[in-house]
Amino acid sequence: MMIDAQMPTRIVFGAGRLDELAALDLPGSHALICTSKSERAERKALLDRVIGLLDGADVAATAYEGVTPNPTNEQVGEACALAKESGCDFVIGLGGGSSIDAAKAIAMMMRQDGDLWDYAYTGSGGKKDILQAAPVVAISTTAGTGTETDPYSVITNVETGEKLDFAADVLYPAVSIIDPELMVSLPEDQTIYQGIDALFHAAECAITNRAENRLVDVFAQESISHVLTWLPVVVKEPGNIEGRTMLAYAADICSGYTQSLINTTSHHIIAQTIGGMFPSVPHGASLIMIAEEYYKRIAAFVPDELDLVGAYLGVDPCNHLPGQSFAEGLARFFDRLGVRGLPLSDYGIAWEDLPAIADAAVNRTGIADVDLYTLTEEDVLGILQRSYR
Ligand SMILES: [Fe+2]
């Protein structure tokens, strides 16, 4: 048995544990707090609470509240300039995946020269090594991306429309505070999209893993089983703290760990391409829109791997249709949550846009490097067309 693993983030997990922020050995004396502008009173109150807690530890704070869903290279540049002007020496990502991913990119550019895009490792990125970054503390308010425990940041380039990954060991957060009490006010649609995102991180990593590193399968199965059990509960009872806790554990720890061990599939790349070109599409929604057709298309390539993750979803493999149990399990779960068949057209995506999405996903993002199989531009276009509503 061979295992490669590095999961260096200190995790502070559990209901109410944000209160421990001041008692942590924080990695600096002046934080840039990177967060989104929200009209929701509880989000404003949360920012004030964090600033108050830092004050109690004699740590100064400067807030950047300009992060949007699908955070951009422009936002990273603006926030990085603010951090340098203000003398910040570490970054706190406060919010969901967007705020934490932006925090990682800002931290990187606080210590690296040049342009952010020099360091993107696919597409038009310069593929330079990321060797340094200021320390990042993640305070997560969602159960979705796994960025709390993984070495990735996903940023959209406003000039090229690309939504690309940055990856480096220095992008693991130094500390992640995962407090499910901060998640009870998340709206239903975001709760569903983030839970599904976590499910796909786990499943895709298990597919790519091909049963080689046991840790991947252990964390993937653990994550998927809790998403399957608890996401429908939390949709019905948003304040169910046990459910919020188990979803946060699944998404922010187990699925984060699978991603720190191995990469996801091109399902994620195609969905990210949609999000880069059409920024109003939530990440989880873009995954749902193409999932069933994507997994039907790859069933012949990786039947055993798909039947393994199908089993994690509680579906027995079918002898006549090897590899189709995962798509079947997804269809049932999406139906249960009321999100099956989400229309791409609801987000302004026209049938005529599909070839450009396929072209960008296949020719500009290094799709060939991530999968155990090779999808052509024609394959991806077919998946998009069969998914189109
Ligand atoms: Fe994702």
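**Note on helix packing and selected residues**

1. Helix α8 (residues 283–298) packs with helix α10 (residues 325–337) at an angle of about 155 degrees, and their axes are 8 Å apart. This is a predicted model. The two helices are therefore roughly antiparallel to each other, since angles over 145 degrees count that way. In the crossing, α8 passes α10 with left-handed sense.

2. Now the residues in that contact. From α8 come I288, A291, E292, Y295 and K296. From α10 come F326, A327, L330, A331 and F334. By class, the contact of α8 with α10 has eight nonpolar and two charged residues, with no polar ones.

3. Which residues of helix α12 are buried? In α12 (residues 377–387) they are V380, I383, L384 and S387. They cover an arc of only 95 degrees around the axis, so they sit on the same side of α12. An α-helix has 3.6 residues a turn, so residues three or four places apart point the same way. The buried residues of α12 pack against α7 (266–277), α8 and α11 (354–363).

4. The axes of α11 and α12 come within 9 Å and cross at roughly 135 degrees. That angle makes α11 oblique to α12. The crossing of these two helices is right-handed.

5. What makes the contact between α11 and α12? On the α11 side it is L354, P355, I357, A358, D359, A361, V362 and N363. On the α12 side it is E377, V380, L381, L384 and Q385. By class, the residues of the contact of α11 with α12 are nine nonpolar, two polar and two charged. V380 and L384 are among the contact residues, and both are also among the buried residues of α12.

6. E181 lies in the loop between β8 (175–178) and α4 (188–209). Is E181 buried or partly exposed? It counts as partly exposed because 17 C-beta neighbours lie inside 10 Å, and a buried residue needs 20 or more. Leaving aside neighbours within four places in sequence, E181 is in contact with A15, G16 and I241. E181 and L18 are 163 residues apart in sequence, yet 9.0 Å apart in space, C-alpha to C-alpha.

7. A203 is in helix α4. A203 counts as buried because it has 32 C-beta neighbours inside 10 Å. Setting aside neighbours within four places in sequence, A203 is in contact with A220, I224 and V309. A203 and T147 are 56 residues apart in sequence and 16 Å apart in space, C-alpha to C-alpha.

8. N70 has phi near 55 degrees, a positive value in a residue other than glycine. N70 sits in the loop between β3 (60–67) and α2 (73–86). N70 is buried, because 23 other C-beta atoms lie within 10 Å.

9. A211 also has a positive phi, near 60 degrees, and is a residue other than glycine. A211 is in the loop between α4 and α5 (214–236). Is A211 buried or exposed? A211 counts as exposed, because 11 C-beta neighbours lie inside 10 Å.

Methods: Residues are numbered from 1 along each chain as its sequence is written. This is a predicted model: local features need pLDDT of at least 70, side-chain atom pairs count only at pLDDT 80 or more; totals for chains, interfaces and linings use all residues. Axes are lines fitted to C-alpha atoms, for helices over the stretch in contact, and angles run from 0 to 180 degrees between N-to-C directions. Helices (H or I, at least four residues) and strands (E, at least two) are DSSP runs, numbered from the N terminus. Angles under 35 degrees count as roughly parallel, over 145 as roughly antiparallel, 65 to 115 as roughly perpendicular and the rest as oblique. A crossing is left-handed if the near helix is turned anticlockwise from the far one by less than a right angle, and right-handed if clockwise. Two residues are in contact if their C-beta atoms, placed from the backbone, lie within 7 Å. Ala, Val, Leu, Ile, Met, Phe, Trp, Tyr, Cys and Pro count as nonpolar, Asp, Glu, Lys and Arg as charged, and the others, Gly among them, as polar. A residue is buried if 20 or more other C-beta atoms lie within 10 Å of its own, exposed if 12 or fewer, and partly exposed in between; C-beta atoms are placed from the backbone. The arc is that of the directions from the helix axis to the C-beta atoms.
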